[in-house]
Amino acid sequence: MDRTPLTRDFFDRPVLDVAPDLLGRVLVRTTEEGPIELRLTEVEAYAGEIDPGSHAFRGLTPRNSVMFGPPGHAYVYFTYGMWHCLNLVCGPEGMASGVLLRAGEIEVGADVARTRRFSARHDRELAKGPARLATALDVDRALNGADVIAAPSGPSGPLSVLHGTPPPRDQVRSGPRTGVGGDGAHHPWRFWIDGDRTVSPYRAHVPRRRRPS
DNA sequence: CTCGCGATGCCCT
DNA sequence: GGGCATCGCGAGG
């Protein structure tokens, strides 16, 4: 496995080039309890201000400001009152595009991840879904804006991405994004590794009705 | 394995 | 005040 860190230039490309190219890459999370390494198996592209599904669609806000910054940084948001999700900012500064990390296989530190993901029945469920992935890697808003480009000698900060072993191109599949409705629903901007058991199940967008009071 | 539903708090209109 | 880039649980096949 190639443990060379990905460079800034890797992320400074159009999001639809970066997103599928992240499959098979290795995310390294350094925690006090030890390292966790995750091989990415499922991602989604969010194309900045032109994309109705993107948090950046309505322009710069306090929450999404990291997306408007330079590539190669973590954008972490809080959702459904309980969960965090982790994105990697890509494209040139100002494009506000990013890749949501949806699922992966934990290759190192499954025991550490399990201390937070104790309800997972199999190891392959530890990071099967974006909020599970963030929980397993102990990612919260404290890491919002963190630089994920490691020094050439290896990971130094809390989060970094290594080259890993990308799958053959014919094993990369694409389809509609999970849980995205409206005008952004039909874009096939979700990418995953065909047949991988850690990929999360597809769920179509469901508009919610207000609970009777 | 699938489906249905409630939890929960922050963001933005 | 509506909606959310979700998850875990319980019931049923």
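**Note on the predicted model of chain A**

1. Surface and burial. Chain A exposes about 10,700 Å², of which carbon and sulfur atoms supply 51%. The model is a predicted one, and the points below should be read with that in view. Of the 213 residues of chain A, 52% count as buried.

2. Overall dimensions. The C-alpha trace of chain A spans about 50 × 40 × 35 Å along its principal axes. A compact globule of 213 residues would have a radius of gyration near 17 Å, and the 16 Å of chain A agrees with that expectation. Among contacts between residues at least 6 apart in sequence, 62% join residues at least 24 apart.

3. Secondary structure. Chain A holds 4 helices and 9 strands, and their order along the sequence is β-α-α-β-β-β-β-β-α-α-β-β-β.

4. The loop between β4 and β5. Which residues make the nonpolar surface patch of about 400 Å²? The patch is made by Tyr80, Met82 and Trp83. Met82 has its place in the loop between β4 (74-79) and β5 (83-90), and with a relative accessibility of 55% Met82 counts as exposed, because the cut-off for that class is over 50%. Tyr80 is found in the loop between β4 and β5 as well, and at 64% relative accessibility Tyr80 also counts as exposed.

5. Aromatic pairs. A search of the whole structure finds 2 aromatic pairs. Phe10 and Phe11 form an edge-to-face pair, with 5.1 Å from centre to centre and 75° between the planes; Phe10 counts as buried at 10% relative accessibility, and Phe11 counts as buried at 1%. Tyr75 and Tyr77 form a tilted pair, with 5.8 Å from centre to centre and 35° between the planes. Tyr75 is buried, with a relative accessible area of 1%, and Tyr77 is buried, with a relative accessible area of 13%.

6. Salt bridges. The count comes to 15 salt bridges, among them one between Asp21 and Arg25, whose closest N and O atoms are 2.7 Å apart. Arg25 is buried, with a relative accessible area of 5%. In another salt bridge, Arg116 meets Glu33 with the closest N and O atoms 3.2 Å apart. This pair links distant parts of the chain, since Arg116 lies in the loop between α3 (110-114) and α4 whereas Glu33 lies in the loop between β2 (26-31) and β3, 83 residues apart. Glu33 is exposed, with a relative accessible area of 52%.

7. A network and one of its members. Arg29, Glu33, Arg116 and Asp138 are linked in a network of salt bridges. Asp138 is found in the loop between α4 (130-136) and β7 (159-164), where Asp138 is partly exposed, with a relative accessible area of 32%. Phi of Asp138 is near 55°, which is a positive value in a residue other than glycine.

8. The segment after β9. The side chains of Asp196 and Arg39 meet in a salt bridge of 3.1 Å, N to O. This pair, too, links distant parts of the chain, with Asp196 in the segment after β9 and Arg39 in strand β3, 157 residues apart. Asp196 is buried, with a relative accessible area of 17%, and Arg39 is buried, with a relative accessible area of 18%; these two values place both residues in the buried class because its cut-off is under 20%. Ser200 is also found in the segment after β9 (190-193), and at 6% relative accessibility Ser200 counts as buried. Residues up to four places away in sequence aside, Ser200 touches Glu42, Arg102, Ala103, Lys128, Gly129 and Arg190.

9. The loop between β3 and β4. Where does Pro52 have its place? Pro52 is in the loop between β3 (34-46) and β4, and Pro52 is partly exposed, with a relative accessible area of 31%. Although Pro52 and Asp183 are 131 residues apart in sequence, they are 6.2 Å apart in space, C-alpha to C-alpha. Not counting residues up to four places away in sequence, Pro52 touches Phe57, Asp183 and Gly184.

Conventions: Residues are numbered from 1 along each chain as its sequence is written. Chains are lettered from A and ligands numbered from 1 in the order in which they are written. This is a predicted model: local features need pLDDT of at least 70, side-chain atom pairs count only at pLDDT 80 or more; totals for chains, interfaces and linings use all residues. Side-chain values use heavy atoms; hydrogens and water are left out. Patches are made of residues with over 30% relative accessible area and no salt bridge: like charges are joined within 9 Å, nonpolar side chains (Val, Leu, Ile, Met, Phe, Trp, Tyr) within 5 Å. Accessible areas come from the Shrake-Rupley method with a 1.4 Å probe; for residues, only the protein chains shown count as cover. A salt bridge is a side-chain nitrogen of Lys or Arg within 4 Å of a carboxyl oxygen of Asp or Glu. Helices (H or I, at least four residues) and strands (E, at least two) are DSSP runs, numbered from the N terminus. Buried means under 20% relative accessible area, exposed over 50%, partly exposed in between (1.4 Å probe, protein chains only). The radius of gyration is taken over C-alpha atoms; the globule rule is 2.2 Å times the number of residues to the power 0.38. Contact means heavy atoms within 4.5 Å. Rings of Phe, Tyr and Trp (its six-membered ring) pair if their centres lie within 6.5 Å; planes under 30 degrees apart count as stacked, over 60 as edge-to-face and the rest as tilted.
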